[in-house]
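Here is a walk through one protein chain, going from the overall numbers to a few local details. Have the structure open as you read.

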Amino acid sequence: MTVRRFQTPVVDLRRRKFLWQSAAAAAGLGLVGWLVLPLKAEPQLAARIEEAPPEHPLVPALKMVAESLAAVEQVQDYTATLVKQELVGKKFLSARMELKYRESPKAVYLKFLEPHAGREVLYRPDQNNGNLLVHDVGLASLVGTVSLDPHGKLALEESRHPVTAIGLKRMLEIILEQWLKETKLTDVAVNYYPNAKIGTLPCKVIEVSHSKPQPEVTYQMTRLYIDASTNLPVRVQNYAFPTRRGGKPELVEDYYYMNLRTNVGLTDLDFDVKNPNYKF
C-alpha cells in the first residue's frame, strides 16, 4: 500500500469577513480531535482488551495501538508540520502549520504556513484563563492579539474540533475508546498494511471499516498510520458513510504530523508571547 504525499490546496481568501471575525477564526485548529474521553490506566486498558472476544478482528489492532501509546508516553515534547483536511459544514478546508507541542504542562504553539501564512496561536490551559491567544496577519493584524474561548463558535469557524484536542496521545486515546466499543459489533472489517508508506516514510497502517451505519459507529472507515521505525502515530484519516446509495465513503478528516521530531527540549519561551521570534 503506497500513500501519496499530502497535498494542501490554498483556501480562497477573498471571502474574509470583518477583522475581528477573521482573527477569531484563527483558532480553528483541531487535530485528531473528537470529544476527548479519558483513557484508563495501562493495566486497566490491557484488561479491557482482554475482555474483548479473542477472535474479534479488532483485538490485534487494539494491541498495536496500545503499543504505540506506550511509545508516545516516552515523548515529552515534539515539533512537526501539522497538515489537516476537514469537512467543516459544506466546505472542505485544508491547512498546514508549524507545530510545537509539550505534554506537561500542556502547551501548544501553531504558526500557519497556508492559508493565512504567518498567523500564530498559543494555547496553555494553565494560563490566560484557558483561552487561546491569536495574532492574525494582513488587515486582521490591526486588531492585535485576540483572546478566545477555544470551544467558542468563532474559534471553531474553520475547524471541526477545538485545539484542546490536539496531540498524538489524544489521537490514540480516542481511537482506542472507539475500537474497544466496536469489539461488541460483528460488522467490523480490519485490514493491516505493514509495508505502507507516506511519501518515503515507512508506516504500518490499520484500516477499520463498517458496511452499514450503527449507533455505536462514528465513521464508516478509519485509517491509522504508525511510523514503522518509532512506533509513533503520525496520521489518521476518517471517512463518513456515503450520503447516497452506491456512493463512496467521504473523507471528512485527515490529520498528518509531517516531519515529526520528538524530545527536542522545548522550554517555556517556546510558548510565550514574549518570544522575540513571534509576532504577538
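Which residue in E12 is the bridge partner of Arg235? Tyr256 is the bridge partner, and we'll come back to that part of the sheet below. One thing to keep in mind throughout: this is a predicted model.

## The overall picture

The protein chain has four helices and twelve strands. Of its 280 residues, 51% count as buried. The chain exposes about 13900 Å², and carbon and sulfur atoms supply 52% of that area.

Now for how the chain meets itself. Take the contacts with a separation of 6 or more: residues 24 or more positions apart account for 61% of them.

## The cores

The largest nonpolar core has 50 residues. Leu99, Leu110, Trp179, Ile206 and Tyr257 have the most contacts inside this core. Helix H3 (residues 58–72) gives the most to the core, with eight residues. Another core lies apart from it, made of nine residues that include Cys203, Tyr225, Val234 and Tyr256.

## Helix H4

Helix H4 spans residues 168–182, and its 15 residues reach 21 Å from first C-alpha to last. That is close to the 21 Å expected at 1.5 Å a residue.

H4 is mostly covered, with twelve of its 15 residues buried. Among them are Leu172, Ile175 and Trp179, but the buried set also takes in Glu173, Glu177, Gln178 and Glu182.

With E2 (residues 77–88) the pairing is antiparallel, over eight bridges, and Leu82 stands opposite Tyr257. Tyr257 is also one of the residues with the most contacts inside the largest core. On E11 (residues 233–240), six bridges make the join to E12, again antiparallel. The Arg235–Tyr256 pair from the opening question belongs here, and Tyr256 is a member of the nine-residue core.

The side chains of Lys84 and Glu86 are joined by a polar contact of 3.1 Å.

Which faces of E6 are covered? Both are: Leu132 and Val134 are buried on one side, Leu133 and His135 on the other.

E6 (residues 132–135) pairs antiparallel with E5 (residues 120–123) over four bridges, and Tyr123 stands opposite Leu132 there. Three bridges join E6 to E7 (residues 146–148), also antiparallel, with Leu133 opposite Ser147. Leu148, found in E7, counts as buried since its relative accessibility is 11%.

Most residues other than glycine have a negative phi, and most peptide bonds are trans. Where are the exceptions to look at? The peptide bond from Ser104 to Pro105 is cis, with omega near -10 degrees, and Pro105 is in the loop between strands E3 and E4. Glu114 and Pro115 are joined by a cis peptide bond as well, with omega about -10 degrees; Pro115 lies in the loop between E4 and E5.

Then there are two asparagines with positive phi. Asn129 has phi near 55 degrees, lies in the loop between E5 and E6, and is exposed, with a relative accessible area of 78%. Asn259 also has phi near 55 degrees, but this asparagine lies in strand E12. At 55% relative accessibility, Asn259 counts as exposed.

Notes. Residues numbered from 1 in each chain as written. Predicted model: local features only at pLDDT ≥ 70, side-chain atom pairs only at ≥ 80, totals over all residues. Heavy atoms only, no water. Buried < 20%, exposed > 50% of the residue type's maximum accessible area, 1.4 Å probe, protein only. Contact = heavy atoms within 4.5 Å. Areas by Shrake-Rupley, 256 points an atom, 1.4 Å probe, with all protein chains shown as cover. Core = buried A, V, L, I, M, F, W, Y, C linked by side-chain atoms within 4.5 Å. Expected span 1.5 Å × (residues − 1). Pairing = 2+ DSSP bridges. Polar contact = N/O pair within 3.5 Å; in protein donor to acceptor, adjacent residues only side chain to side chain.
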